[in-house]
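I opened the model today to look up how its chains are built and where they meet. My entries follow in the order in which I checked things.

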Amino acid sequence: MEYLRKIIVMTLLVVMTSIPVYGSEVIPSNGVSQYIEIINPSIEEDFNIEVRNNFFVSFNIKEKADLYLTINKVVPVMDTIFLDKILSNEMEQEEFISSLTLRVLEIKGYTTHEDMTNKEKSDYILKKNEIKDTIKEYVEDYLNEQKAYKKYISVQKEIEVLKNNMNSEDTLDVLPGAYEGIRLDYIEKRSLLKESKKVYDELFKVSILKKDPIMSEGVMPYYEKTIEDIKYGSYEMVVELKNEDKFITLESFDLDIGPQDEVAEDVLIEKEIKLIQPMNLNELEE
Amino acid sequence: MKSKESIKSLLLFSLLLSSLFLSSQIFTRIESQSQSINNDYVVWSEKDNNIENYFSPQSYFINFGGSLHTIEYNYSFRKDIRESLKSIFNDDFSDESFESIAYSQWQEAIKKRGIRMAMSYEMPFNHFLTLIEGKNQDFQSGFKIREILVLTDGTILFEMTDGFYKLKGLGNNFTFFAKVIDNIELSYLEYRRVEDVYSLKSQLAPEAEDFRYNNYLIPIVKISDIPVIEVVDEVDINATDDTRLLSYANRMLGKSFIRKVVDHNGNVIYMTGYGEKALKIDHNGFFEYTEKFNENTNELSFGEALNKSINAIGTINDPPTNMYLSNYYSYEKKGKTIDRYEFNYSYGGYDIVLDRRESSAFVVEFNGSQIVYLKRSYKSFVNSIGVSNIWESALSFNQVINENYDVIINDYLAAEGIDDFTSMDDYVYEILQNIESIELKYYLMNNDNFDHLIPVWQLKIGQMTYYINIYDGEIISKQ
């Protein structure tokens, strides 16, 4: 009997430690390198690209394929601070969603003006509602996941206690069944959050280059693109393969573009944070 | 009958006397002329020029650290760079000042913040010092500079004709030098090394440890707003009256017996006596002066000859303010050692290449201290023509290569003796690796009404040099 308990506890520990790995993305190996050699940006060491004014992209095309390059600026959003405030009832959920919706509309370039036609107005409202729904779904999934996580953590602590007091037969009989329900609930909530986060994250991406065909010019087996006067910050560079009208992401790179000078970088990040915070939330935080 | 004979005798005698008188006059003139030839300094203007103003490396490559580069064409910044070097190179030098270094050290240094300059010719070290300091420097060494690399951390490296060297023991202040780079960094066009753009090592020799990286720079942004320049002859031999042309002849030849000859092309030639000195002014308004060699054993230092050359060029008209020493070499002619000084000039920071590219715009040759040849091929500025309504911007470097690949590859294969190949496209990496320089220049094109300076890429690949219109990619000339 003692031996069986030990096996159960050990199994539970193994299962729990494997959960964080569950959500990690699987990047296809040898995807991009089959078709192109990425010369610029240099991604040998890290993804901090030193740029002053121009973001230069150059690929050596090794094998011709229907490839496309998209570069998105990822507008950083400090939402977790406010989500946690909602979680602790320090902020109204609706207030956050409304404020962030307006900020996203601004990021995406949807603006209102006095001379709007009815069609423009209805399009704007439609877009606004879409964004609002996306944010709402994410916020709810986030809150649910956090609640499930807290439950899960508390059980984890009980497991620890159990491990240290192996002779406590009272709890051992009920714990595995109760734990399994909590664990499955957490996995489900986490999975839902992962899905809604994908859609939510897209709200904060602004394409500065959209599906540009990666083609060589004439005899030169190179693709080159210079994005002049690029703003410092976080970017996402996506190489996609088009296959029967379907775009398959071969590889996606997260890039931090900025000057080499760390001090200057810190200042910029600070400025960026101020810029990206949802309107009104600055005041609320104070 | 008898009186008729007497008249004949008298006439004959008078003819004899006349011939004797005229002959003596000719001999007197020749004597006088040969004296003036020996005094070769007589006609040239004499003043002390600031010879440091006539120093300009072929290229100013600026590195801001890492892979961020530019090529500086701005006069003001170029002058600042030279000034900053003047304060650095004011120490005494000896052969022990130079420490041989490996290519890898040079290559590593190229990625650091600093300035690399390619000399316009393989420049003896004392020439470099003379030009930087503005006065003759006697430090004699066998070193000839191809490129110099000065870093803000105080490192100074050279690519000499016989390898790479580091200059030791300079304890000078690099503050001004660093400040110049800071100022340039405020606004510049970004360039990258050929290797950084095309990753040629990975294509040609991924395993080679001694691979020579192509460090020439190409722009990664669009170049625009370089205007076409309208220019005219410095002197128009058809429109200008003889008095003005003769004043040039007097200035160059002295006021002694001068003959004017118009050759079958319509060029005007003035010469003294039997052609000891001659000045030709051609249809382009270009001047060419020649003088017969004398037994001149006087030696001029580099600085003295440079100063005298500038004065000689200025005897015709003032030299352009943006004239610079572009080449120097010695050669043997008629048993004499001739020292040749060549100068070019620029407009808007871009060097001007003549339609007839056999030499530079200004040439002065010395036999000892005697000037035996002078050429001045200068065009005066008339008008600047914006091109933005015709071309939005210059073609990218890739487009330039694509547009002209057929010509380039055929020249390359012929030069390399390659006639057995499967595809011409296979040589594209080799072509890129063999780029020996790419520079923005102005190319002087002559036409009937006006001459124009056209913005071009001077692209050197292997043995060939191409002049390519930056806007439409057409090869204007190749050699």
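How many of the 479 residues of chain B, in percent, count as buried? I found that 36% of them do, where buried stands for 20 or more other C-beta atoms within 10 Å of a residue's own, exposed for 12 or fewer and partly exposed for in between, with C-beta atoms placed from the backbone.

Before going on I noted that this is a predicted model, in which local features need pLDDT of at least 70 and side-chain atom pairs count only at pLDDT 80 or more, while totals for chains, interfaces and linings use all residues. Residues are numbered from 1 along each chain as its sequence is written, and chains are lettered from A and ligands numbered from 1 in the order in which they are written.

**Chain B overall.** I looked up the secondary structure of chain B and found 11 helices and 24 strands, both being DSSP runs numbered from the N terminus (helices H or I, at least four residues; strands E, at least two). Along the principal axes, the C-alpha atoms of chain B fill a box of roughly 110 × 50 × 45 Å. Among the contacts in chain B with a separation of 6 or more, 66% join residues 24 or more positions apart, a contact being two residues whose C-beta atoms, placed from the backbone, lie within 7 Å.

**Domains of chain B.** I found chain B divided into domain 1 (51-188), domain 2 (230-380) and domain 3 (386-478), with bounds that come from an automatic or database domain assignment. The centres of domain 1 and domain 2 of chain B, taken over C-alpha atoms, are separated by 32 Å. Their contact takes 15 residues from domain 1 of chain B and 16 residues from domain 2 of chain B. On the domain 1 side, β4 (114-124) and α4 (125-133) of chain B each supply at least two residues, and α4(B) gives the most, with four residues.

**Nonpolar cores.** I then asked which residues touch the most other members of the largest nonpolar core, and of its 134 residues they are Ile145(B), Leu279(B), Leu325(B) and Tyr442(B); such a core is a set of buried Ala, Val, Leu, Ile, Met, Phe, Trp, Tyr and Cys residues joined through C-beta atoms within 7 Å. Leaving out residues up to four places away in sequence, Ile145(B) touches Met119(B), Met123(B), Phe125(B), Phe128(B), Phe158(B) and Met160(B).

**Thr240(B).** I placed Thr240(B) in the loop between β10 (228-233) and α8 (242-253) of chain B. Is Thr240(B) buried or partly exposed? Thr240(B) is partly exposed, because 15 other C-beta atoms lie within 10 Å. Residues up to four places away in sequence aside, Thr240(B) touches Val235(B) and Leu245(B).

**A sheet in chain A.** In chain A I traced an open sheet of five strands, in the order β2-β8-β7-β4-β5 and with mixed pairing, where strands pair if DSSP finds at least two bridges between them. β2 (48-50) and β5 (205-213) of chain A stand at the edges, each with a single partner strand, so one side of each has no neighbour in the sheet. Strands β4 (residues 67-74) and β7 (residues 233-243) of chain A pair in the antiparallel sense over eight bridges, and Leu69(A) has Val239(A) as its bridge partner in β7(A).

**Between the chains.** Last, I checked the contact of the two chains, which takes 19 residues from chain A and 18 residues from chain B. On the chain A side, the elements that give two or more residues are β1 (36-40), β3 (55-61) and β6 (222-227) of chain A.
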